[in-house]
Amino acid sequence: MSKILLQLREIKKTFQSGKVIYEILKGINLEVEKGEFLAIMGPSGGGKSTLLNIIGLLDRPTSGSYLFENREVSTLSTNELAKLRNEKIGFVFQAFHLIPWATAQENVLLPLLYRGKIDQEDIYRAQGLLDRLGLKNHINLKPAELSGGQQQRVAIARALINNPSLLLADEPTGNLDSQSSREVMDILTELNKEGLTIIIVTHDSEVAKRANRIKILKDGLFIE
Amino acid sequence: MTLITLKLSFGGIFYKKLRLFLSVLGIIIGVSALLVMNTFGESAKVKTMQEIETFGPEILMVVSGQARVRAGRAIQAEQTTALKLEDAQALRKISAIQLISPLYTGSSIVRYLGKNISTVVQGVNEEYIKLRKFSLIEGRNFLKDEVTGFKKVAILGYKVKRELFGEEKAEGQHILINKLPFTVIGVLEPIGVDASNQDQDDQVLIPITTAMSALFNVDYISGIFISVYKPELVPLIEKQVDEILLKRHRVSPKEKGFNIIKAEDILKFRTEASSLFSSLVQSISILCLIVGSLGVTAIMLLSVNERRREIGLRLACGASRRAILKQFLIESMVISLWGGFIGLFIGLLGILVFLPLLKYPLVLPWKPIIVSTGLTIFFGLLSGIYPAYKASKIDPAILLKGL
Ligand SMILES: Nc1ncnc2c1ncn2[C@@H]1O[C@H](COP(=O)(O)OP(=O)(O)O)[C@@H](O)[C@H]1O
Ligand SMILES: [Mg+2]
């Protein structure tokens with residue numbers, strides 16, 4: 001079995017705005033092994049989120065090849081991409097993106113809605129995850145009743161509910177105080193120790209230190 | 001589907017309740033109007049049928065004066081003295097006529113043991129009750145001798161009997177009509193208002209001869225009731241009656257002092273009027289529904305725009321575009337149906353209040369309910385298509401950018 005989880009070759013991404021074409025990614029090459037913890041840093045506007053969108057199958061590259069688990073995915077249909085996202089990839093966002101009218105537990109269960117039916121076992125698993133992330137007493141609270149750190153932990157539980165092979169986090173600590181940041185990073189570090197592959201985008205070098213590899217993205221290219 | 005699946009799929013619908021209510025206001029109004037008006041239509045039809053039934057398809061009415069069928073009722077515009085008792089006798093020789101009765105209508109004070117009521121007194125002959133297919137709940141019909149012999153006998157309408165005698169027996173009792181003593185020989189069953197717009201329970205029947213001489217002292221009659229053997233013969237008889245009367249009165253058709261009315265005329269006018277009314281109401285209600293569903297569309301578009309991130313998140317979590325499309329189509333439909341059911345509820349309340357108030361028969365409006373529900377589903381779907389399409393086109397990449 002291959003050790004490589006994903007492989008990007010000469011990935012380019014352009015956006016057109018009126019008549020002007022902006023090349024945001026100018027030929028990205030990247031290999032990520034299973035179990036790796038990769039941090040991507042770089043100045044704002046450098047294309048980090050654009051790259052993460054492509055890695056997360058939320059967006060397609062303009063050109064280049066993307067192998068995910070040895071499968072070319074840059075040419076898959078939207079439905080096939082949705083299925084892959086559902087089964088293989090968990091997302092954690094800077095702004096949490098929890099559904100405001102659903103409880104913590106319901107938010108965690110959301111990805112299962114698009115896999116099939118939600119049964120009692122799934123509910124126990126969601127509760128187990130929330131329990132593990134220190135939210136045992138918060139499973140029936142709405143996002144507005146939780147602190148930022150707690151909301152981000154709910155979002156992590158949601159990313160984990162489908163046992164993904166890749167966890168993507170875009171500035172996961174960007175909206176948190178330093179105490180909550182540390183807690184969230186402790187969780188991510190622990191998950192990585194258990195074998196989960198993680199790619200994190202961050203500004204914060206303290207946060208990046210937790211990773212075992214750091215790449216810097218500037219003006220659409222990795223500079224180191 | 002488990003509860004949690006349902007909630008995660010459609011929990012967003014009830015998140016903003018005031019807005020939800022405002023968005024379905026148009027649908028509520030449209031559906032309740034549709035239901036109430038259609039039910040009124042149905043009820044009016046039933047009412048007309050009931051009235052025609054009491055009038056009878058085989059009955060012709062000759063009335064003096066320029067009678068008109070107005071608002072679906074026979075209305076005597078102006079009384080003339082052209083019609084005489086002899087006219088009624090002359091019409092008897094038409095062979096297809098089964099029963100015939102002259103009619104004089106006046107109003108009088110009727111008195112019994114100190115109780116006075118003002119009511120309609122109708123002078124008729126012994127064929128009248130049979131002709132109108134009225135039944136007696138007490139006593140008997142007039143005898144021929146009583147009619148020819150100017151006898152002071154009376155048959156009471158149901159209401160008159162109740163008011164004068166209550167539960168007591170009326171037959172054989174003596175009443176005063178305009179101070180003249182009459183013997184009660186019978187009481188009519190409850191009949192109600194018929195197509196001639198007269199409350200048949202609020203009347204007293206007496207022999208035509210007595211009415212014309214002793215009571216009202218006139219030499220003319222108000223009308224003639226005719227029944228024929230078969231309803232198909234009505235047009236033919238109408239023509240013959242017209243000819244005979246014109247000849248007897250020696251007038252041209254333009255200046256004739258009588259008019260012939262049949263059940264068909266009343267029915268025709270009624271259905272014309274009510275179909276015009278109901279098509280007007282239908283268009284207005286459907287317009288309401290369209291405006292209402294445009295409201296739902298607008299609110300759904302707003303909602304889709306507001307919930308961009310939720311939609312993006314669902315896509316990121318693996319929702320297919322079809323799943324999003326379906327979710328928002330169902331949301332619009334649920335919202336419309338919700339409004340539709342409130343509309344049905346309000347409409348039913350309105351029906352239960354207004355039909356009895358206007359003395360219309362209560363009908364169970366199955367057809368209007370089914371039609372309204374069907375239209376609501378249809379418009380709900382229609383109003384959801386564009387917002388759902390917009391929702392399914394949202395780019396999940398927005399989640400990582402611009403927040
Ligand atoms: N859909 C888009 N259309 C046009 N320009 C875009 C689009 N998405 C991103 N960009 C531009 O691409 C550049 C990189 O954006 P982003 O990937 O968000 O950078 P980072 O996450 O490193 O700050 C920015 O200048 C942004 O304005
Ligand atoms: Mg970014």
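Predicted model: local features only at pLDDT ≥ 70, side-chain atom pairs only at ≥ 80, totals over all residues.
Local features need pLDDT of at least 70 and side-chain atom pairs count only at pLDDT 80 or more, while totals for chains, interfaces and linings use all residues. Residues are numbered from 1 along each chain as its sequence is written, chains are lettered from A and ligands numbered from 1 in the order in which they are written, and side-chain values use heavy atoms, with hydrogens and water left out.

Visitor: How many residues does the contact take from chain B, and how many from chain A?
Guide: Contact means heavy atoms within 4.5 Å. By this rule the count is 30 residues from chain B and 32 residues from chain A.

Visitor: What area is buried between chain B and chain A?
Guide: Buried area is the accessible area (1.4 Å probe) that two parts lose on being put together, summed over both. Carbon and sulfur atoms give 69% of the total, which is about 2,800 Å².

Visitor: Which side chains meet in a salt bridge?
Guide: A salt bridge requires a side-chain nitrogen of Lys or Arg within 4 Å of a carboxyl oxygen of Asp or Glu. The count between chain B and chain A is one. At 2.9 Å, N to O, the partners are B:K7 and A:E106.

Visitor: Which helix gives the largest share of the side of chain B that touches chain A?
Guide: Helices are DSSP runs (H or I, at least four residues), numbered from the N terminus. In chain B, α1 (3–10), α10 (308–316) and α11 (321–357) each supply at least two residues of that side. The largest share, six residues, comes from α10(B).

Visitor: Why is the site of ligand 1 shared between chains?
Guide: A residue is near the ligand if one of its heavy atoms lies within 4 Å of it. The surrounding residues include A:F15, A:K48 and A:T50, together with B:K401. The site is shared because the residues that surround ligand 1 come from chains A and B.

Visitor: Which residue has an N or O side-chain atom 2.5 Å from an oxygen atom of ligand 1?
Guide: A polar contact with the ligand is a pair of N or O atoms within 3.5 Å. The side-chain atom at 2.5 Å belongs to A:T50.

Terms used:
Polar contact = N/O pair within 3.5 Å; in protein donor to acceptor, adjacent residues only side chain to side chain.
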